Amino acid sequence: MGFLDSVLFMTMDTARRMIIESKTKSLQPLTIGQDQISSILVRVSRDHDIHTTAVAIEVAIPGVKAIETGEFITAVRKDAETAVWGVMVVGVMCWMLMLALISLLFMMLVNERARELGMLRAMGASQNQIFRLIITEALLMTGTGCIAGVAVAGTLLLNFKQLIIVTVTGVPFHWPQPVVLVWIGATCILLLTVTGTGAALYPAFKSCKQEPYDAICTTG
């Protein structure tokens, strides 16, 4: 991710204190020497040109790279946009795959219950009632599954967040506030429930249009 995830600006006193306290409080103690500096933030006065100052620094100090403010912001914005688009593409692909799998699952469930649904039609149930029955079952199944999944995932994240930070990311990060986590969980439940229910529309429509005789005989 370049600048976005690998740069942190702080005072020298704070950095030295972090190095010392990491040996007793951090899961991964910092091994940075007292005389090591990774970057320095330079404030240029208004009567000096930023580009000229950056070039002068690079000429005066061999091996040092001077990054102007505009370049830094552009790099951060580019990394952020790339990350967002990557997450969106993966998310859409996963959503489409999940939609297809859920639709296939409900199609199999409806086919297995074709005789039962045909008997209900033969006893006087209307197409609208059969449609509402399947959609209601899909709503209950997906809603319950989403709530259980979010609850289990949230519990695992809270209990193993330190292990995840060390083994997966390798770097510490700021954990979201409980309100943010609740909002994310509620949004996931809502979106997945709507997706699961929407995936059952085609199987429900196909089942309610089937003639009772055909539904009973095809599974008899």
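Student: At what angle do helix 6 and helix 9 pack, and how far apart are their axes?

Tutor: In this predicted model, helix 6 (residues 127–159) packs against helix 9 (residues 201–209) at an angle of about 150°, and their axes are 9 Å apart.

Student: Are the two roughly parallel or roughly antiparallel?

Tutor: Roughly antiparallel. The cut-off for that term is an angle over 145 degrees, and the angle here is about 150°.

Student: And is the crossing left-handed or right-handed?

Tutor: The crossing of helix 6 and helix 9 is right-handed.

Student: Which residues meet there?

Tutor: From helix 6, Gln-127, Ile-130, Phe-131, Ile-134 and Ile-135 take part. Their counterparts in helix 9 are Leu-201, Ala-204, Phe-205, Ser-207, Cys-208 and Lys-209.

Student: Turning to cysteines, how many disulfides are there?

Tutor: The count is zero. Cys-188, for instance, is in no disulfide, since the nearest cysteine sulfur, that of Cys-146, lies 8.9 Å away, whereas a disulfide requires the sulfur atoms to be within 2.5 Å.

Student: Is Cys-188 buried, partly exposed or exposed?

Tutor: Cys-188 is partly exposed, because its relative accessibility is 34%. Cys-94 also falls in the partly exposed class, at 48% relative accessibility.

Student: Which residues are buried in helix 5?

Tutor: In helix 5, which spans residues 114–122, the buried residues are Ala-114, Leu-117, Gly-118 and Arg-121. These residues lie on the same side of helix 5, because they cover an arc of only 100° around its axis.

Student: What happens just after helix 5?

Tutor: Gly-124 is found there, with a positive phi of about 120°.

Student: Where is Val-64?

Tutor: Val-64 is in the loop that runs between helix 3 (50–60) and helix 4 (69–112). Its relative accessible area is 36%, so Val-64 is partly exposed.

Student: What is Val-64 in contact with, leaving aside its neighbours within four places in sequence?

Tutor: With those neighbours left aside, Val-64 is in contact with Ile-57 and Glu-58. Its C-alpha atom is separated by 9.2 Å from that of Ser-39, which is 25 residues away along the chain.

Student: Finally, how many helices and strands does the chain have?

Tutor: The chain has 10 helices and zero strands. Of its 220 residues, 19% count as buried. Among contacts between residues at least 6 apart in sequence, 66% join residues at least 24 apart.

How values were computed. Residues are numbered from 1 along each chain as its sequence is written. This is a predicted model: local features need pLDDT of at least 70, side-chain atom pairs count only at pLDDT 80 or more; totals for chains, interfaces and linings use all residues. Side-chain values use heavy atoms; hydrogens and water are left out. Buried means under 20% relative accessible area, exposed over 50%, partly exposed in between (1.4 Å probe, protein chains only). Helices (H or I, at least four residues) and strands (E, at least two) are DSSP runs, numbered from the N terminus. The arc is that of the directions from the helix axis to the C-beta atoms. Contact means heavy atoms within 4.5 Å. Axes are lines fitted to C-alpha atoms, for helices over the stretch in contact, and angles run from 0 to 180 degrees between N-to-C directions. Angles under 35 degrees count as roughly parallel, over 145 as roughly antiparallel, 65 to 115 as roughly perpendicular and the rest as oblique. A crossing is left-handed if the near helix is turned anticlockwise from the far one by less than a right angle, and right-handed if clockwise.
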